[in-house]
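Have the sequence and the model open as you read.

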Amino acid sequence: MTRGASLLGVVVVGVVAAVGLAQAQPGPPGRPRGPSAPGATDVPGAVVDAPAPPLPAPAPVAPVMPHRPEPPRPPIPGVTELEVLAPRNDSGRHLAVTFTRGATGDDLATVIFRRRWGTPNPPASYPQLLAPATAGAPRTWSVEFAGAAPPPLAKLTKDDQLGPWTVAAVLEAGETTATDEVAPDGTYEYVVAEVRRRPDGTVIDASPGAVIGPRTPEAALINTDRLGYLGIVLLLAGLIVWYIEAAKKKKDLYVRRLPGVDAIEDSIGRSTEMGRPVLYVTGLEEIQNIQTIASLLILGHVAEKTAQYDTDLVVANYYPLTMVVAEEVVRQGYANAGRIDAHRPERCLFITAEQFAFAAGVNGIILRERPATNIYFGAFYGESLLLAETGFLTGAVQIAGTAELTQLPFFITACDYTLIGEEMYAASAYLTKEPNLLANLKAADAFKVVAMVFILTGVALATVGAFQLGPWVFR
Amino acid sequence: MKRTVPLVIGMMFGLFALAEFYVPHHLVGDLSDEFRSWAAILGAAAFILGGVNILQVSWPKIRRREEDWPYKVVLLASAAIMLLVGLPWHKLGSPATAPTIGARVVDPAVAARGHAVIAIDVPADVTYQVGKTIGAGAASQVAVEVEPGKVAIKLSRRLAGYRALEGEVTVAAGDVVTVGGDPPMLWGKDGRVFVWIYDHIFSPANATLFALLAFFVASAAFRAFRARNVEAALLLGSAIFMMLGRAPLGGAISDIFPDVAQWLLDVPSNGGRRAIMMGAAVGAIATGLRIVLGIERQHLGSDA
């Protein structure tokens, strides 16, 4: 019955798809035709190769106005206090241009031009953007600025080229700063001018250009705004080294119990007794995500345990690259347990990289194979409850771990054990009991104490209004 | 050697990624972009392995007629169909990219008005743009009067998956030029068939599964909110205030409910969230350092 129903379903889906697709196809070229569009006129039975038939009156076109010279306007004052500086902590690809505007108005904009310093044959005097006005004729780009054959006046946009000059920015609405992206190996000069434009953007007048240069971008070797973060990493690294040294002297480092991690071995034992597989889901993020990495580290231990207990392990992956790495980790886990012969690569599955299709696929495994243990470690999103509730319905022992705050309540509700945030990162070290790894956990705990002291000090200082510690460390 | 080489490579790239955050120099950024390209290529290549994996897992089950094997047939058939329609077959031919410019005649009446006419001859479901005039194909030719000179023409369909035909025609006063064309259907991931299957089969199925979440939430909430102990009772009480505070009914009963709900979110919930976030961040840094510094080696196995 089930197979018959599935085949029937396939046929129905196929028919629906075919019908829908047929409806989506366009009709035969030219036929049938619908009503004409507004503003357009139908020509019934027109024969295009014959002399033109009489056409009904088409939509009127606006008459062409003869050129009228622009009315004389007062000259536009240029920008002042022009500065071009290399920004702090820059990659060496930017120059920051700042200035004070000479004039403001709805029809005025500021244009920043840039060219490489040392361009051959610089004009004797520049930069006049526009040639002097001639009575009765529109103004043109100055030859001195745009070269011997200046292009016609047009709307200026970023990256337009005028002779050797490139439009670095067109600033509207009174902006007075711009960061220009440049090639890191160059030296540049800038011309900044106010321009008056028609409503269509065509330039009709310009102020004298302010010139500055040469300027060279500067690449910083260290981002001083991030020194606070570097301090945190170095402090944590220092604590890790210190605790590793301490672990060499004192072998038994105390680490608090993690019931969720302790339950992993018990649940694998239960799976063995019931003769059902263990399902491990590595989360929905890519391999470079730290939660996925933590999940794969734990997977190694789980694989070792399942190999020792001779229990089937099914690993469901969202990305194929994760699947490839997970397969290698599982193989290593089996090798560590001395059971490489029991490793079945085909049980390490790539499901799909679509969120709810993945949920459907994993739910299918849960309902068909009825694993006795479901382990969800990694990054999860909206599908977390779909997975965990389905697992709950099958009566499996469920252990979850994630640092996704929004999914933790769902896992806590539907799973037997949940590792919250940092506990998931600690699980791998906790499982090995290796002194070096436990030292890492102790270092993280010690760092949290330092962080708490820092927070309390910062809160106290800010409360009495003495000092803002946070912004001082983290700019 | 088997263990040391991956460890050294991992440490090198890990330390580089760490350094990149603190060193803004463009040479570091360029190198980083290069490494990201490598990673993207690796990721794309892994999708081939993913396809092979699906085939390896599904085909034996079909061959052995294992339980629910028809589902595997559907899976493989769907994958094959999407692969086929996802390939840009249209590139094998030479579909039109520009409208066809037909007969050009001179109409004295049009010339007298100092204009030209573009006669559009397209199927009914094709939208045209002549200069700034936009319209749809009609039962017969459509005439659009334009200024003499260069006129931009674009023919397209509203449905996704068709290539727009774009071109330009130069007309003189009095010219009547016929322009036609039928935007061709595309294949590939932006093609008509792929988009249709995605929109009409995949998206509704996806939305259906997402909608099921509401019932799962109700089922989970029913279990979670049973007041079996003090903590569960506190949870239940908070949930009642939250639900009443967020529903219009709560506000209608009393202003207290929205205020209490907001306080629960702003103070206890926010405090707890921040604590978890900070703990997770420290854990993530510690895990990262553990791998970069080569302290965590379990996943690498032994050198033997």
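Helices, at least four residues long, and strands, at least two, are DSSP runs, numbered from the N terminus. The model is predicted.

Most residues other than glycine have a negative phi, and most peptide bonds are trans. Asp159(A) is not a glycine, yet its phi is positive, about 75 degrees. It sits in the loop between α2 (143-146) and β5 (161-162) of chain A. Asp159(A) counts as exposed because it has 8 C-beta neighbours inside 10 Å. Asn89(A), also not a glycine, has a positive phi of about 50 degrees. Its loop runs between β2 (80-85) and β3 (94-100) of chain A. With 17 other C-beta atoms within 10 Å, Asn89(A) is partly exposed.

| Residue | Phi |
|---|---|
| Asn89(A) | about 50 degrees |
| Asp159(A) | about 75 degrees |
| Gly275(A) | near 70 degrees |

The peptide bond between Gly213(A) and Pro214(A) is cis, with omega about -5 degrees. Pro214(A) belongs to strand β10 (residues 210-215) of chain A.

**Helix α4**

Helix α4 of chain A covers residues 259-274. Its 16 residues should span 22 Å at 1.5 Å a residue, and the end C-alpha atoms are 22 Å apart, so the two agree. α4(A) bends by about 25 degrees at Glu265(A).

Which residues of α4(A) are buried? They are Gly260(A), Val261(A), Ile264(A), Ser267(A), Ile268(A) and Ser271(A). The buried residues of α4(A) pack against helices and strands of chain A, including β11 (278-281), α5 (290-309) and α10 (422-432). Gly275(A), with its positive phi, follows α4(A).

Technical notes: Residues numbered from 1 in each chain as written. Chains lettered and ligands numbered in written order. Predicted model: local features only at pLDDT ≥ 70, side-chain atom pairs only at ≥ 80, totals over all residues. Buried ≥ 20, exposed ≤ 12 C-beta atoms within 10 Å, placed from the backbone. Expected span 1.5 Å × (residues − 1). Bend = angle between axes of the 7 residues up to and from the residue. Contact = placed C-beta atoms within 7 Å.
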